[in-house]
Amino acid sequence: MMEAYDRFELLINDRIVKTPVAIASMAGIVDAAYVLERADHVGAAFIGGYSIDAPTLEASRRMAGEGRKEFLYDDPLEALGREIDALKQSDVVTGLNLRGSTPASFAGVARAFEDAVVYEIDAHCRQPAMLKIGCGEYLLRHPAKLVEIVRALKAEDVTVSVKIRAGIAADDAALARTVWKAGADILHVDLMDFGHNKVRQIRNASPLTLIANNSITTFDKAMDAFSHGADLVSLARKSDPWTLAGLDAAIARSAEEGGWYNAPKQLCRGGDIRALAFCCMPVKACPLLPALERIGLSRDDYLKFKQEAVKETPIEDGKSTCFGSLAWCCKISSPCMFRNMTLEKKGLSAREYMRCKHHLAEKIMHRIFDEEESADESS
């Protein structure tokens with residue numbers, strides 16, 4: 001697993017994610033047995049959706065009576081415990097996709113299983129029986145209740161994911177910020193037809209671990225999501241072992257060669273906020289200036305921060321480059337003989353260079369969002 005961490009540097013629920021490919025929940029279908037058949041090629045799996053209290057269990061029975069696939073049981077904790085135990089034999093990070101009518105229902109499940117799993121709030125289901133009792137997409141139109149559920153789960157000191165459908169909330173970026181500030185750790189987004197613009201919009205709004213979902217079944221589609229801010233991609237109906245194996249292998253090869261599997265496009269080519277790691281000094285009119293303005297960072301603060309962030313790292317210097325430091329150099333895929341000559345002179349491989357840029361981007365994200373959170377707490 002350390003080899004996987006070295007490749008992707010990705011943790012969820014304090015566990016190494018061996019590949020940024022996940023299985024998304026499908027009620028009545030995705031359970032422990034479904035995941036174990038595909039475990040070799042997924043790093044995380046969200047089983048369910050599971051109904052966890054009397055109103056949602058009754059809704060599930062009604063939906064099953066109408067012909068929908070549902071997981072049916074009388075004792076949710078007994079049923080969930082059986083699934084969690086079955087997955088203990090695998091190295092897949094497990095999440096439970098849950099549908100409950102009250103914050104207390106979610107907290108009760110978290111109290112039973114503690115930090116053994118990730119708890120995913122299903123704000124995605126659009127079945128009328130669930131909407132009627134205040135579950136699923138209802139939460140996207142009533143975010144105050146969603147926030148109450150996130151806070152109830154975080155009070156149990158567990159990792160929380162929120163599964164949403166893009167385009168339902170009044171403002172998806174605002175919703176991402178709301179659940180992040182409530183304490184959520186992961187946002188799992190069904191992109192519908194919105195594509196990578198929605199990924200970038202959400203990435204720029206919060207530091208949440210971001211899982212992109214919906215028809216991402218090829219390497220090119222996965223890389224499109226990664227390069228706009230996704231940390232993982234998830235599959236549901238197309239999560240057959242062959243598709244998962246192909247994605248896993250192609251993404252692993254790309255990570256081995258590139259050093260940063262979800263490196264953003266450069267800012268001037270439509271990249272997300274992490275792309276500040278590739279930006280040069282703010283000396284000309286370009287997309288960098290409005291980006292700094294949007295995040296409330298002055299030019300001087302940006303200069304000082306990047307210079308400080310690369311101190312005592314392999315990209316601190318670079319006298320032959322345009323601005324005297326590799327901190328201001330662009331993505332390795334952009335041709336530049338000055339950068340490449342400097343890397344060769346320093347004995348720094350392209351992969352190592354991109355890993356350094358990855359670490360710089362993480363510092364930039366902390367600078368942007370940690371300071372904002374601190375400011376909120378002190379106000």
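The model is predicted, so to speak of local features a pLDDT of at least 70 is needed, side-chain atom pairs count only at pLDDT 80 or more, and totals for chains, interfaces and linings use all residues. Residues are numbered from 1 along each chain as its sequence is written, and side-chain values use heavy atoms, leaving out hydrogens and water.

**The cavity**
- One cavity of 30 Å³ or more is present (on a 1 Å grid over the protein atoms alone, a set of points where a 1.4 Å probe fits but cannot get out).
- The largest cavity holds about 40 Å³ of space, a volume being the space filled by probe spheres set on the points.
- Its lining (residues with an atom within 4 Å of a point) consists of Leu276, Leu297, Tyr302, Phe305, Lys306, Ile364 and Arg367.
- Helix α14 (299–309) and helix α16 (350–378) each give at least two lining residues, and α14 has the largest share, with three; helices are DSSP runs of H or I, at least four residues, numbered from the N terminus.

**The surface patch**
- Met337, Phe338 and Met341 make a nonpolar surface patch of about 330 Å² (nonpolar side chains joined within 5 Å, from residues with over 30% relative accessible area and no salt bridge).
- Met341 belongs to helix α15, residues 337–346.

**Gly28**
- Gly28 is partly exposed, at 27% relative accessible area (between the limits of under 20% for buried and over 50% for exposed, with a 1.4 Å probe and protein chains only).

How values were computed:
On a 1 Å grid over the protein atoms alone, a cavity is a set of points where a 1.4 Å probe fits but cannot get out, and a pocket is an open set with protein on both sides within 12 Å along at least five of seven lines; lining residues have an atom within 4 Å of a point. Patches are made of residues with over 30% relative accessible area and no salt bridge: like charges are joined within 9 Å, nonpolar side chains (Val, Leu, Ile, Met, Phe, Trp, Tyr) within 5 Å. Accessible areas come from the Shrake-Rupley method with a 1.4 Å probe; for residues, only the protein chains shown count as cover. A salt bridge is a side-chain nitrogen of Lys or Arg within 4 Å of a carboxyl oxygen of Asp or Glu.
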